[in-house]
Amino acid sequence: MTTAFITQASAMEHLAPPGHAEREARIEAIWSALGAPAFAALARHPAPRADAAEVLRCHPARHLDAVGAAIPEAGWAMLDPDTFVSPRSLDAALHAIGGVNLGVDLVLAGQVANAFVAMRPPGHHAEADRAMGFCLFGTVAIAARRALDHHRLARVAVLDFDVHHGNGTQDLLWDEPRAMFVSSHQMPLYPGSGFPTETGAHGQILNLALPPGSGSAAMRPAWQAALAQLRRFAPELVLVSAGFDAHSADPLAGLTWTEADYRWLTHAICDLADACCGGRVVSTLEGGYDLTALAASVAAHVAVLMERGDDRIGGDEL
Ligand SMILES: [Zn+2]
């Protein structure tokens, strides 16, 4: 079975202020990397625009209204010192949500083995009532709720390997017993949360705090232990917040992951999905700010998704 690659032009229309790390060139770098002949077999789908009702799966209407009201007619508006909106940002954010939702729909329908979504703005820092950390809405948490409430799954897992704690996803899924959330992140680092003592209302949140300067030797055993716990949770779908800013070349953080680490972790995630849910993985872009490292890391991640998808027989049922 194939891997879906979901993206759309609006990812380039959320315009970053000059010098901002979360910029359009990130998407261009990914498009270029995944345009190589090795990725010709990807099933390419445009990200559709999600309805506002999808946002409301996780956010109160006042948050959607506040983001809409902040959109400027030209230039930029800052929602906090890091988080900007430009005239087309709401449209881009809704396409990002629609993209991950499409990945969920395609994978659950058995049309593709797994999916990678490259859209921006990212989502894992957005809390219920607060845009922050370059993020407007909790894209991956919304997709989790869609899988649970629309597709009637009983359990989903959300795995976040961005170098920053997925505080927004944690906030949105804090009281959701049907979703297990695991985040690995450098600590200390922005946003300052993600202590192992933060375990969710039902003990279903697991935070893996990694020391600055650490690499494979710290992250692999931490994820191995987390993935063993995830197997006991037995998710019916695995969602991934795929940030690539733990890479040694990334300018925003201080971990020393390599492409080989992303390859290893993607295989480990696919092992979990194979064991629990017929290989169903939907991965969506979060951070990653060194363009060369981002392109190489995404290529490593997607190549493993394709390899593992090829191993699966079409239409295989749980
Ligand atoms: Zn990040």
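Helices α7 and α8 are roughly parallel to each other (an angle under 35 degrees), and the first exercise shows why. The model is predicted, so that local features need pLDDT of at least 70 and side-chain atom pairs count only at pLDDT 80 or more, whereas totals for chains, interfaces and linings use all residues. Residues are numbered from 1 along each chain as its sequence is written, and side-chain values use heavy atoms, with hydrogens and water left out.

**Exercise 1.** Determine how the axes of α7 and α8 are placed and which residues make the contact.

Solution. Step 1: the two axes come within 10 Å and cross at roughly 10°. Axes are lines fitted to C-alpha atoms, for helices over the stretch in contact, and angles run from 0 to 180 degrees between N-to-C directions. Step 2: the contact (heavy atoms within 4.5 Å) involves residues of α7 including Met219, Trp223 and Leu227, and residues of α8 including Trp264, Leu265 and Leu272. Step 3: the residues of this contact divide into 11 nonpolar, 2 polar and 4 charged. Here Ala, Val, Leu, Ile, Met, Phe, Trp, Tyr, Cys and Pro count as nonpolar, Asp, Glu, Lys and Arg as charged, and the others, Gly among them, as polar.

**Exercise 2.** Describe the span of α8, its buried residues and what follows the helix.

Solution. Step 1: α8 covers residues 259-277, and its 19 residues reach 26 Å from the first C-alpha to the last, close to the 27 Å expected at 1.5 Å a residue. The expected span is 1.5 Å times one less than the number of residues. An α-helix has 3.6 residues a turn, so residues three or four places apart point the same way. Step 3: the buried residues of α8 pack against β6 (156-160), α7 (216-233), β9 (238-242), β10 (281-285) and α9 (291-310). Step 4: glycine 278 follows α8 and has a positive phi, near 65°.

**Exercise 3.** Classify the crossing of α4 and α5.

Solution. Step 1: the axes of α4 (residues 89-108) and α5 (residues 139-150) come within 9 Å and cross at roughly 40°. Step 2: this angle makes α4 oblique to α5. Step 3: among the residues that meet are Ile97, Val100 and Val104 in α4, and Ile142 and Ala143 in α5. Step 4: the residues of this contact divide into 7 nonpolar, 2 polar and 2 charged.

**Exercise 4.** Where are phenylalanine 134 and alanine 234 found, and what is the phi of each?

Solution. Step 1: phenylalanine 134 is in the loop between β5 (114-117) and α5, and its phi is near 75°, a positive value in a residue other than glycine. Step 2: phenylalanine 134 counts as buried, at 12% relative accessibility. Step 3: alanine 234, in the loop between α7 and β9, has a positive phi of about 55° although it is not a glycine.

Key
Helix = DSSP H or I, 4+ residues; strand = E, 2+ residues; numbered from the N terminus. Buried < 20%, exposed > 50% of the residue type's maximum accessible area, 1.4 Å probe, protein only. Parallel < 35°, antiparallel > 145°, perpendicular 65-115°, else oblique.
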